[in-house]
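Please look over the model below before reading the notes. They cover how two chains meet, how the copies are related, and a few parts within each chain.

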2 protein chains.
Amino acid sequence: MSLVVIGTVAFDAIETPFGKTDKIIGGSATYAGLSASYFYDKVKIVAVVGDDFPQTDIADFNSHGIDTEGLRVKKGEKSFFWSGKYHNDMNSRDTLVTDLNVLADFDPIVPESYQDCEYLMLGNLSPQVQQTVIKRLKNRPKLIVMDTMNFWMNIALDELLETLKLIDVLTINDEEARQLTGEYSLVKAARKILTMGPKYLIIKKGEHGALLFDEHTVFATPAMPLAEVFDPTGAGDTFAGGFIGYLAKAGTISFNNMKNGLIYGSALASFCVERFGPEKIKNLTEEEINERVQQFVALSKFEI
Amino acid sequence: MSLVVIGTVAFDAIETPFGKTDKIIGGSATYAGLSASYFYDKVKIVAVVGDDFPQTDIADFNSHGIDTEGLRVKKGEKSFFWSGKYHNDMNSRDTLVTDLNVLADFDPIVPESYQDCEYLMLGNLSPQVQQTVIKRLKNRPKLIVMDTMNFWMNIALDELLETLKLIDVLTINDEEARQLTGEYSLVKAARKILTMGPKYLIIKKGEHGALLFDEHTVFATPAMPLAEVFDPTGAGDTFAGGFIGYLAKAGTISFNNMKNGLIYGSALASFCVERFGPEKIKNLTEEEINERVQQFVALSKFEI
């Protein structure tokens, strides 16, 4: 039994009001995979990089217990590269460079050893590629969580809607939920999205936390109020990875377990934004995570 | 012992994407007073209106057990009138008309019978007038809660900073907290505001809920996700009135009681936005309020 994460493994160059980085590693599968690895010890990734991608970073994945058999290294090609600059509010950003490179014709490999996949995390990537992975798994996983973004709504809406029919949980941000449905009210947007395929919807609201919907219920978690948000890159992927990692560990799909998954995902995301790139989430201890989760309990708990 | 609410009692004309109203009653003391009256039976208001203000609306206050001895009716003058139009997002609005009328030279009367004030709610109004009320009370109330807005930061910052030194709890929205401190991070903004006088700070975030800070602790409550937000006018005042009303009923000032006050205030505010003006919060039952509070419990509760 395993948790398979598909997404990008890539280079990012990030500028925030606090500083800038050279090329550092990033990508949705990087953040989600690392985050999930704190909860579940059978995390396997599917992604593609060029031969410019450092072996040390692949070794880093392995040292977190992440299986990289599905991480294809394409000789003579370059890894996906994204560069962006965040505005002062840290919620909006300009994309400076997008070099697709190996991602242009990414044909995801699902190794035979991944066919034990019970939990599938479809990190942000073309919905066509996300769908291909589902189809290459012989057995339908117990839980499929999908992250996506406005970019795919703009250029591949039909494929996105098709893929939505195949999944269990969708994670998107509030603006994307509005764009996908044409509804300003998140409650109305959620109702519409829950008729498109997913049985559960998570709306990510950045510094305002997240909402979890099923057909009958809604749960809200705040984000941890932080003095410094250093770099929001990867926070959504980290959140999703923590969420599905927690569920894989719990072993049972229920709304209550999903609520806890939201808290654990939020805790991991709150670490992520404290440093540039995945630096902070590469080196967490169980104690740090539990302490942060207890801070979430203190932040939200009241007795009425 | 009593809860004194000072603020505006006025006319509003409101336009939202859902419709528009003629002149209806509004004002910070109207919303806060009505809201507080559901929790505490000794609510007294200080405000000023012109003789154009309907006796039936004053009778409405009285039927909620609200003492209107401090509501001055100025003969031959007109009540404060505000008219505004909300944008589609319901978070931003344009002010179309502001006729100060009686408010231009408002000299608040504190009747002798109000000198038993234990809980003082300074609704949104000139900080100079807010301060005058504090000074006209012979005994310092047990708890002074103050609401204000960016308008006063722009035109009366010195008076606002002076008044802040005299109060216990400040309620402002996130943008106002940023403006008052020059800090984008709400945690840093809160730290600065807590050195300006208040021992507690509530940051209102509209559809994203509210944060309560003291020197050491932070508590977050979500807002109730609603399918329709009909008219946000008065939601902040309703929240503040419910908050202080709950505390007056509880009788003890503690962080835990304040947390519950946030929930009760949020519940009342969630009713307020369901109809135009104060229509909905004029006619609530205890059952409706308790049911909404239980929805907040369900919305926020998790077991880790």
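The contact between the two chains takes 38 residues from chain B and 38 residues from chain A, where contact means heavy atoms within 4.5 Å. This is a predicted model: local features need pLDDT of at least 70 and side-chain atom pairs count only at pLDDT 80 or more, while totals for chains, interfaces and linings use all residues. Residues are numbered from 1 along each chain as its sequence is written, chains are lettered from A and ligands numbered from 1 in the order in which they are written, and side-chain values use heavy atoms, with hydrogens and water left out.

**The interface**

- About 3,000 Å² is buried between chain B and chain A, and carbon and sulfur atoms give 60% of that area. Buried area is the accessible area (1.4 Å probe) that two parts lose on being put together, summed over both.
- B:His208, B:Phe302 and B:Ile304 supply 21% of the area that chain B buries against chain A, more than any other three residues.
- Four salt bridges are found across the interface; a salt bridge is a side-chain nitrogen of Lys or Arg within 4 Å of a carboxyl oxygen of Asp or Glu.
- B:Arg178 and A:Glu207 meet through their side chains in a salt bridge, with 3.3 Å from N to O.
- Between chain B and chain A, 16 residue pairs are in polar contact, both residues at pLDDT 80 or more. A polar contact is a pair of N or O atoms within 3.5 Å; within protein, one must be able to donate a hydrogen and the other to accept it, and residues adjacent in sequence count only if both atoms are side-chain atoms.
- Several elements of chain B each supply at least two residues of the side that touches chain A, among them helix 6 (174-181) and strand 14 (218-221). Helices (H or I, at least four residues) and strands (E, at least two) are DSSP runs, numbered from the N terminus.
- Helix 10 of chain B gives the most to this side, with seven residues.

**How the copies are related**

**Helix 6 of chain B**

- Six of the eight residues of helix 6 are buried, so this helix is largely enclosed by the rest of the structure. Buried means under 20% relative accessible area, exposed over 50%, and partly exposed in between (1.4 Å probe, protein chains only).
- The buried residues include B:Arg178 and B:Leu180, and those of the helix pack against elements of chain B including helix 7 and strand 12 (200-204).
- B:Asn173 caps the N-terminal end of helix 6, with a side-chain oxygen 3.0 Å from the backbone nitrogen of B:Glu175.
- B:Gly182 follows helix 6 and has a positive phi, near 70 degrees.

- Helix 1 (residues 28-37) of chain A is mostly covered, with ten of its ten residues buried.
- A:Trp152 lies in helix 4 (residues 150-155) of chain A and is buried, with a relative accessible area of 14%.
- The side chain of A:Trp152 makes a polar contact with the side chain of A:Asn124, at 2.9 Å.
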